[in-house]
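Here's a quick tour for anyone meeting this structure for the first time. Have a look at it, then read on.

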Amino acid sequence: QKEDHRIALPSLKETRFVYTRDIIRCESSNSYTHFYIDNREKITVAVSIYEYEEMLAPYGFVRCHQSHLVNKKFVRSIVKESGGYLLMQDGTQVPISRTRKDELRKKLM
């Protein structure tokens, strides 16, 4: 069942098992990926975001920018000013790349 799917996030200290439904977004920083979890927790893993993009796609995650992957259930709106960004339910503003804008709108429906 998709609701109960978990992934392993290996950090320096431990491997955390996180429900995909609780991940708000992922942000890449060089060869690291920061996972922002619904309980305001941030988990950093030494794996590039590319490896998670395919793994998380079946669970409603969309790539909106080279360094951002979002869980579409947490997207509040698409804001058109400032070049365009996604406003997430936690108040975070996530940039949208120009090349992904049209495709993203379809995927968020």
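How many positive and negative side chains does the chain have, and how far apart do the centres of the two sets lie? There are 19 positive and 14 negative side chains, with the two centres 4 Å apart. Lys and Arg count as positive, Asp and Glu as negative, while His and the chain ends are left out; each charge is placed at NZ of Lys, CZ of Arg, CG of Asp or CD of Glu.

Keep in mind that this is a predicted model, where local features need pLDDT of at least 70 and side-chain atom pairs pLDDT 80 or more, though totals for chains, interfaces and linings use all residues. Residues are numbered from 1 along each chain as its sequence is written, and side-chain values use heavy atoms, without hydrogens or water.

As for the fold, the chain has two helices and 10 strands, running β-β-β-β-β-α-β-β-β-β-β-α along the sequence. These are DSSP runs numbered from the N terminus: H or I of at least four residues for helices, E of at least two for strands.

One aromatic pair turns up (ring centres within 6.5 Å; planes under 30 degrees apart are stacked, over 60 edge-to-face, the rest tilted). The ring centres of Phe35 and Tyr52 are 4.8 Å apart with planes at 85 degrees, so this pair is edge-to-face.

Note on methods: Rings of Phe, Tyr and Trp (its six-membered ring) pair if their centres lie within 6.5 Å; planes under 30 degrees apart count as stacked, over 60 as edge-to-face and the rest as tilted.
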